[in-house]
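Please consider the structure shown below.

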Amino acid sequence: MNKILFSTFLAISFMTTPVFAQQIVTPYTQHQWVNAAKEHFSGEARFTRLPAIPDSPNGSAIVEFEVGAMTDWHMHSQGQYLIVTEGEGRTQEWGKPIQIIKKGDVVWCPPNVKHWHGAGEHSKMTHIAISPNAKENKVTWLEKVELPPVNSKAELQKISQTEPLSAKQLAIVPIAFYAARGELASLKIALEQGLENGLTISELQEIFTHQYAYAGFPRALNGLLALQNLLKEREEKGIQDTLGDAPTIDGIQDYYTQGTQTLNMLNGRDNSAVLWNNEGIDYALKAHLFGYLFSRDNLSMVNRELVTVSTLAGLETVQNQLRSHLTILKNLGLNETELQRVMAEIVKYNPSAGERAKAVLREVLK
């Protein structure tokens, strides 16, 4: 076909193309959102029907679940296809375990299979729902989902430590202690000992990240700077220190609820009320400290509490807080022998501070 004939063919093709054969973009802001019916959903969720695909019997919708929201148990007569587009959620088939679903995951639920789906306990979730043969696909709504209550004691037992503190763990104590006091010459020695005892660069950085919540940014930043200078010196000497794993967080978006549950678990009581009748402090402590920081996974909860106790012992004048965190370490499985080992380390660094800390521990052990 020569160029003239080909051009004529294209022109005729475009002229005879139906008007509807063109791209149609429907902006997100133009979707008609509807709040999910309370009689079939727990929590806050909303959905919008997507524009129909020409000549297709299938129907589709976007469904957005707020944190903790979920459908009731239900069935689709023709099945349902879900594509997770944002966040992290959960789904469960009747009689089977709950499954975590994340962005990019696809779920096919066969016809007449009883199931539910929704957001995560601490995260939002959005999915596209595709209903095969939409006009004939009937939804049968069933009972509300009843999730088992969180067993704080059982969760605490999972993360408790039963073996003695390792040399690597005890190396955390002088690092946090000297950084809290601003004793940088001693801190440098403690950092070197920490590296020799197996602490990675990532773990050392995380010590100061956690410590700032108790000793403030100036002390934590000075600690990080001391670490940075030490690593540079060691590198110039040809010493290659282990970087270690960077912290990760598993899809949590509601740090306040997560932090409240973590605090409840660690100190063994209900902390749902606003602490000290001050919303700002309450939110900072629950959402940021016990929610966000405790969710960073490159330090265990025991190790984070070793940072905290050593920091508070170094400050010397915060006995109430030291008492609370020694109690948490005790709840995390450290027996009297192990707690006394921590105190003995502090006595070595500063007898006065160590004796004050030991006096608080005696109260805890009563």
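The lining of the second largest pocket comprises 15 nonpolar, eight polar and one charged residues; Ala, Val, Leu, Ile, Met, Phe, Trp, Tyr, Cys and Pro count as nonpolar, Asp, Glu, Lys and Arg as charged, and the others, Gly among them, as polar. This is a predicted model, in which local features need pLDDT of at least 70, side-chain atom pairs count only at pLDDT 80 or more, and totals for chains, interfaces and linings use all residues. Residues are numbered from 1 along each chain as its sequence is written, and side-chain values use heavy atoms, with hydrogens and water left out.

**Second largest pocket**
- This pocket holds about 610 Å³ of space.
- Its lining consists of 24 residues, and W276, L285, F290, Q321 and H325 lie nearest its centre.
- Two or more lining residues come from each of α6 (201-215), α8, α9 (279-292), α10 (301-315) and α11 (319-331).

**Largest pocket**
- The volume of the largest pocket is about 1,000 Å³.
- Among its 32 lining residues, E121, H122, E155, Q258 and Q261 are the closest to the centre.
- β7 (80-93), α2 (152-159) and α8 (255-267) are the elements that give two or more residues to this lining.
- By class, the lining of the largest pocket has 13 nonpolar, 12 polar and seven charged residues.

**Residue A284**
- A284 belongs to helix α9.
- A284 has a relative accessible area of 40% and is therefore partly exposed (between buried, under 20%, and exposed, over 50%, with a 1.4 Å probe and protein chains only).

Terms used: 1 Å grid on protein atoms, 1.4 Å probe; cavity = no way out; pocket = protein on both sides within 12 Å on 5 of 7 lines; lining within 4 Å. Points joined across faces, edges and corners; volume = space filled by probe spheres on them. Helix = DSSP H or I, 4+ residues; strand = E, 2+ residues; numbered from the N terminus.
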